[in-house]
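User: I have a model open and want to go through a few spots in it. Can we start with a single side chain and work outward?

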Amino acid sequence: GGDFFEYIDLPDGSFGFALGDVSGKGPPAALLTAMLQGMFWTQSFAAIEPAAMMSRVNQALLARGIENRFATIFFAILSPDGRLTYCNAGQNPPLLFSASGVRKLETGGMIVGLFPHATYEQEEVRLHAGDLLAVYSDGVSEALNPTGDEYGDSRIQDVISPNWLEPSDSVLQLLLRSVHAFAQDAPQNDDVTALIVRYTPVRGEEGGG
């Protein structure tokens, strides 16, 4: 498929994770996905900042010199003290659920693999114990029901908001079951991929330096 996710234990004790959607289907998309996963896996040996990683991925895809080599990617690094640094390269903005409400993580840049001079920004967000991040591909938000209606971002928020303090796997299953019930076995045009990340600090880590 064209969707992928990856998570990596980084050398400094941080946790890196990515979710992306590559162009195309079939073997070419699978090869591109494998290449991207390999690039993110190198983070486990020599981690770089999310924005710099997006620039590196962008140049790597451009160097392939073929059509249909672009992707949307969200990549973040969560430090043990709760600092979440992320870059969103054209991916559906993930939803961050906390005691203060819900916000979208939109900072980043354009999709990777199209423009050689594309630039990327990153943002640092402070998480607190229990905060939950829902990352998902457009196969979730654009899932279609038999009448052609889209599931939409608002339904994702409506499903998770009352349940974000539940165990992470329960939140994920609630979301996937909701999408499936909405679609009612209607044919879909895209993969359905979601990733739930919750910040659970080691005692003494939250708010540390």
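Analyst: Fine. This is a predicted model. R56 is partly exposed, with a relative accessible area of 45%.

User: Which helix does R56 lie in?
Analyst: R56 is part of helix α2.

User: And what does R56 touch, leaving out residues up to four places away in sequence?
Analyst: R56 touches M39 and I48.

User: Staying in α2, is N58 buried or exposed?
Analyst: N58, also found in helix α2, is buried, with a relative accessible area of 1%. The cut-off for buried is under 20%.

User: What does N58 touch, with the sequence neighbours up to four places away not counted?
Analyst: N58 touches I111, V112, G113, L114, F115, P116, A118 and Y120.

User: Back to M39. Which residues of α1 are buried?
Analyst: M39 is one of them; the others are A29, L32, T33, L36 and F40. Seen down the axis of α1, these buried residues fall within an arc of 120 degrees, so they line one face of the helix.

User: What covers them?
Analyst: The cover includes the strands β1 (3–9), β2 (15–22) and β3 (71–78), along with helix α2 (50–62).

User: Which residues are exposed on the other side of α1?
Analyst: P27 and L31 are exposed there.

User: How many residues does α1 have, and what does it reach end to end?
Analyst: Helix α1 covers residues 26–41, which is 16 residues. From its first C-alpha to its last it reaches 22 Å, close to the 22 Å expected at 1.5 Å a residue.

User: Change of topic: helix packing. What do you use to describe a pair?
Analyst: Two packed helices are described by the angle between their axes and the distance between the axes.

User: Then what are those for α4 and α5?
Analyst: The axes of α4 (residues 153–160) and α5 (residues 168–183) come within 10 Å and cross at roughly 135 degrees.

User: Why oblique rather than roughly antiparallel?
Analyst: Roughly antiparallel needs an angle over 145 degrees, and roughly perpendicular runs from 65 to 115. The crossing is at roughly 135 degrees, and α4 and α5 are therefore oblique to each other.

User: Is the crossing left-handed or right-handed?
Analyst: α4 passes α5 in a right-handed crossing.

User: Which residues meet there?
Analyst: From α4, R155, I156, V159 and I160. They meet V171, L174, L175, S178 and F182 in α5.

Key: Residues numbered from 1 in each chain as written. Predicted model: local features only at pLDDT ≥ 70, side-chain atom pairs only at ≥ 80, totals over all residues. Heavy atoms only, no water. Helix = DSSP H or I, 4+ residues; strand = E, 2+ residues; numbered from the N terminus. Expected span 1.5 Å × (residues − 1). Buried < 20%, exposed > 50% of the residue type's maximum accessible area, 1.4 Å probe, protein only. Arc of directions from axis to C-beta. Contact = heavy atoms within 4.5 Å. Axes fitted to C-alpha atoms, helices over the stretch in contact; angles between N-to-C directions. Parallel < 35°, antiparallel > 145°, perpendicular 65-115°, else oblique. Left-handed = near helix turned anticlockwise from the far one by under 90°.
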